[in-house]
Amino acid sequence: MTLAFLVSMSNALQARVNGLASDFASNAVIAAMMSVGGGFICAAVLVAFHGPSRRSVGNLVTARKQGRLQWWNYLAGMGGAIFILGQATVVPVYGVTLYMVSVVAGQSVASLLVDRLGIGVGPRRLITISRVGAAALALTGAILIGIARPEGLILAVVGLAWGIGAGGVTAIQYALNGLISKETGSTLVTAALNFFMGFTLLTAFLAIKATFGDQAFATPPPILENPLLWLGGPLGLLFIASAAFLVRTLGVLAFTVTAVSGQLTGALILDEVLPTSGSVVNGLVLAGFAATLTGVLFAARSRQDVVRD
């Protein structure tokens, strides 16, 4: 569990790195593309040199031909792109903690619908009072952190809304990734596909922004001059690969609670040690942290409520 906790802190560190890249490049989309593109290159290289993963690539085509995967299942990585773009956009302004807690809240709320519809590999699950209460508690935690800001909740609404929305789409992403991993038999292939689709969406965003906005295409900072700014992708891949292994070792309940604990603790530490201009750490933030973590614990414990067909 200690390993799961430490690895999960990499999610918060990824958010801080992508926020720094956004400040450096003065373009959140470029910063997100640095992270997602770097992750794709790392994953693709690992797939190329790992025989079982390389042989699993063909399963993506086979599963589609046999109807086990639908075309829209392959778009799962676009949810990750929105999550990463949120890191690059929200973290510099509002800090790591507000973004990570609101993402967790969004995941908790969206998971009610994802589990009820049976998206992914698991059975359909009931929307029970305990699960609704757990999601509401996680959402309350995010609101408390918004209120904790000196300017109040109103000005934090944009950051909260982006985080909650990103959490919602990543809940769908995680469910679809479980399905893709089951069909391919490879977490690395699933990760590479996710990064590729995410990069594709971000490229479209950049083209639209350059065409209709007032910004020209920006050049990312050279990797040899600023290697730390390119760590977002490898950190994301580290979490994805580790999560696939640790879930099988610890079980879903233990991993979920440990992972969220690591993510939120890492966010608090970073906002205290390496704060952005919008970082806030006070009693309300700690209360929001505790509320969100408690909500996740109750949500994880109630996942046995499956629908009986």
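## Basis of the description

The model is predicted, and local features need pLDDT of at least 70, side-chain atom pairs count only at pLDDT 80 or more, and totals for chains, interfaces and linings use all residues. Residues are numbered from 1 along each chain as its sequence is written, while side-chain values use heavy atoms, with hydrogens and water left out.

## Overall fold

The secondary structure of the protein chain comes to 12 helices and zero strands, where helices (H or I, at least four residues) and strands (E, at least two) are DSSP runs numbered from the N terminus. Read from the N terminus on, the elements run α-α-α-α-α-α-α-α-α-α-α-α.

Of the 309 residues in the protein chain, 51% are buried; buried means under 20% relative accessible area, exposed over 50%, and partly exposed in between, with a 1.4 Å probe and protein chains only. Contact means heavy atoms within 4.5 Å, and among contacts between residues at least 6 apart in sequence, 82% join residues at least 24 apart.

## The nonpolar core

In soluble globular proteins, nonpolar side chains tend to be buried together. The largest nonpolar core here has 66 residues, a core being a set of buried Ala, Val, Leu, Ile, Met, Phe, Trp, Tyr and Cys residues joined through side-chain atoms within 4.5 Å. The residues with the most contacts inside this core are Val96, Leu98, Tyr99, Met100, Leu202 and Leu264.

Met100, leaving aside its neighbours within four places in sequence, is in contact with Asn11, Ala12, Ala15, Gln263, Leu264 and Ala267. Tyr99, also named among those core residues, is touched by both Gln87 and Gly163.

## Helix H7 and Ala138

Helix H7 covers residues 129-147, and its 19 residues reach 26 Å from the first C-alpha to the last, close to the 27 Å expected at 1.5 Å a residue; the expected span is 1.5 Å times one less than the number of residues. The buried residues of H7 are Arg131, Ala134, Ala135, Ala138, Gly141, Ala142, Ile145 and Gly146. Seen down the axis of H7, these buried residues fall within an arc of 150°, so they line one face of the helix; the arc is that of the directions from the helix axis to the C-beta atoms.

Ala138 lies in H7 and counts as buried because its relative accessibility is 0%. Not counting residues up to four places away in sequence, Ala138 touches Ala105, Ser108, Ala291, Thr292 and Gly295.

## Residues in and beside other helices

Asn18 is found in helix H1 and is buried, with a relative accessible area of 1%. Gln87, in turn, is placed in helix H5 (residues 77-94) and is buried at 0% relative accessible area. With residues up to four places away not counted, Gln87 touches Asn11, Gln14, Ala15, Asn18, Gly19, Pro92 and Tyr99.

Ser26 lies in the loop between helix H1 (2-25) and H2, and at 53% relative accessibility it counts as exposed. Ser26 has a positive phi of about 55° although it is not a glycine. Gly163, placed in helix H8 (residues 153-184), is buried at 0% relative accessibility, and leaving aside neighbours within four places in sequence it is in contact with Tyr99, Ser102 and Val103.

## Cavity and pocket

On a 1 Å grid over the protein atoms alone, a cavity is a set of points where a 1.4 Å probe fits but cannot get out, and a pocket is an open set with protein on both sides within 12 Å along at least five of seven lines; lining residues have an atom within 4 Å of a point. Grid points are joined across faces, edges and corners, and a volume is the space filled by probe spheres set on the points. A search of the whole structure finds one cavity of 30 Å³ or more. The largest cavity has a volume of about 40 Å³ and is lined by Tyr94, Thr97, Leu98, Ile145, Arg149, Asp271, Val280 and Val285.

The second largest pocket holds about 150 Å³ of space, and its lining consists of Phe40, Ala44, Val47, Val57, Leu60, Val189, Ala192, Leu193 and Phe196. Helix H2 (28-49) and helix H9 (187-212) each supply at least two residues of this lining, and the largest share, four residues, comes from H9.
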